[in-house]
Number of protein chains: 2
Amino acid sequence: MKEKPHDLIIIGGGPAGLTSALYAGRAGLVTLILEKSTWGGKLLFTERIENYPGFFEPVFAYKLAEEMKKQAEKFGAELREEEVIEIDLKGKEKIVITHQERIYRSLAVVIATGTRHKELGVPGEMELLGKGVSYCGTCDGPLFKDKEIIVVGGGDTALEETIFLSRFAKRIILIHRRDKLRGTKLLQEKIFSLKNLEISWNSVVTEITGKERVEGVKVKNLKSEKEEFLSCAGVFIFIGVKPETGFIKERIKLDGEGFIITDDKLQTSQEGIFACGDVRRNSLKQIVNACAEGALAAKSVEKYLEEVRDG
Amino acid sequence: MKEKPHDLIIIGGGPAGLTSALYAGRAGLVTLILEKSTWGGKLLFTERIENYPGFFEPVFAYKLAEEMKKQAEKFGAELREEEVIEIDLKGKEKIVITHQERIYRSLAVVIATGTRHKELGVPGEMELLGKGVSYCGTCDGPLFKDKEIIVVGGGDTALEETIFLSRFAKRIILIHRRDKLRGTKLLQEKIFSLKNLEISWNSVVTEITGKERVEGVKVKNLKSEKEEFLSCAGVFIFIGVKPETGFIKERIKLDGEGFIITDDKLQTSQEGIFACGDVRRNSLKQIVNACAEGALAAKSVEKYLEEVRDG
């Protein structure tokens, strides 16, 4: 099915994409925003948000997402729940094809598909998500003041998040599958100086247990093959994130991990294609920063369209 | 009076400074934030905000400012109403001196002092300030109910303020030096739909006249070179802004207009000194972007302090 051309197609309906739509709409651009699953994106992996400026009382993530969605609609953006599977960026007019077999055309595209965390893939993980299972220390750390928690991982993010969490938690057990950490030396030194931290080497979480909320984890030692139960109030999982860039691979410049490389106006290696939020290399991975990049991307699109149409 | 050293001193209590304080506080930094007049900064020159993500119903600016202030306090930042008059950035320990003759010390400083309005620089402007001459529609608009007023400018701010003022004024004449407006399309559409507005293109105000209060302006047409007198009760001036960097001039690198130059981590030319928000060169001058830069500056300070203390 062929659709009328838009000025701008935004791919991804998290904070970055929705803010981009809000700004593009206000600038009078005919804007379509496509989201494959949930409006609000990775925002919804948190329950309440303490660090989004403007909310003294922690705002419920679902509420913030809903407001952002309604705000984008209010200024004229068209929202559709469709998954992009194919994209043609070569011509002046870009072509976006969705799983629903619709073909959309536009002069500019903003990619705001974000990242997804890697999951452990163990029983209990999905069931207790937001009930003690978290993928974001900065978001949820303060909720675990004086509690015992488990952290899973060993890279930079895991170590940074563990250092942050150690300010709140009574005791942290860091579960790492190897016999040494992968994170930078400076971070490792910090980690080893923490008084409320223990490290469980060569071990993996095999199950997260609890009824209403997390009550503990089963941990298996990879050398001894022994399994033990550790009681805890929270499980933080930092085994990496992956950018959602599968559908544009080899069409624009990505870094080694698949994050999109942009200039300081957020334009990618391809003219007319912009990127914002967590999918972008070097993004801070904070809600307010994703929103800000969304605003900047829309402003850059506005300028780009003026040039393209004048030229 | 000498005070105990802080980890971080933030200068300026607008959205950028307050968000920086929020993030620094959450990271456990001992943070002082200094504001010379009003918490919320330039935010308060607006009545309601439509484009800050997360608020479907336009949020009152004073309310947003209040929430941000309370949020910064909640996470431990110390807020003081003092004006910074002198600063010594040379050593590892930075020294900040205020008008109240207090001397503060810290390892890192974030400058978030924002901008102030530019003046026309014509006779009568300073003499009649607060007597009909204003730089803030939101503040003074209601005083001009059913009166005739002049607005000078043509960018986003001028258009937004004109739309606001049109609710009160009987008649507005917008004086603009060019033959088309610079503001976004949505705002232009609104402007052209106003029934009580006339636009005087290609023209500038050369004098503001009046004894006790504003009585009128002299307006010169740049094409015909002809000058005419327009009688009015108020003159609102929105011709741009200049950065508040007088107190650090020649101590850190500024651009030609006085905006602070930073790297992509928001560090200035001086180690340990960071800048964020409208005072920074290339900032987008949107609330959400100021906030995002505040968050990034705090993250950069966190890393800087780790390095300084280990080194």
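Which residue forms a salt bridge with Glu207(A)? The partner is Lys218(A), with the closest N and O atoms 3.2 Å apart. A salt bridge here is a side-chain nitrogen of Lys or Arg within 4 Å of a carboxyl oxygen of Asp or Glu. Glu207(A) lies in strand E14 (residues 203-209) and Lys218(A) in strand E15 (residues 216-221) of chain A, so the pair ties together parts 11 residues apart in sequence. Strands (E, at least two residues) and helices (H or I, at least four) are DSSP runs, numbered from the N terminus. Glu207(A) is partly exposed at 24% relative accessible area, as is Lys218(A) at 31%. Buried means under 20%, exposed over 50% and partly exposed in between (1.4 Å probe, protein chains only).

The model is predicted: local features need pLDDT of at least 70, side-chain atom pairs count only at pLDDT 80 or more, and totals for chains, interfaces and linings use all residues. Residues are numbered from 1 along each chain as its sequence is written, chains are lettered from A and ligands numbered from 1 in the order written, and side-chain values use heavy atoms, without hydrogens and water.

Over all chains there are 39 salt bridges. One joins Arg309(A) to Asp7(A) at 2.5 Å, N to O. Arg309(A) lies in helix H6 (residues 287-310) and Asp7(A) in strand E1 (residues 6-11) of chain A, so this pair links parts 302 residues apart in sequence. Arg309(A) is partly exposed at 46%, whereas Asp7(A) is buried at 11%.

Chains A and B each give 40 residues to their contact (heavy atoms within 4.5 Å). About 3,700 Å² is buried between them, 55% of it on carbon and sulfur atoms. Buried area is the accessible area (1.4 Å probe) that two parts lose on being put together, summed over both. Four salt bridges run between the chains. In one, Glu50(A) pairs with Arg26(B), the closest N and O atoms being 2.5 Å apart. On the side of chain B that touches chain A, H6(B) gives the largest share, 11 residues.

No disulfides occur over all chains; the term requires a pair of cysteine sulfur atoms within 2.5 Å. For Cys232(A), the nearest cysteine sulfur, that of Cys136(A), is 18 Å away. Cys232(A) is buried, at 6% relative accessible area. The sulfur of Cys291(A) is 9.7 Å from the closest cysteine sulfur, in Cys276(A), which is too far for a bond. Cys291(A) is buried at 0%.
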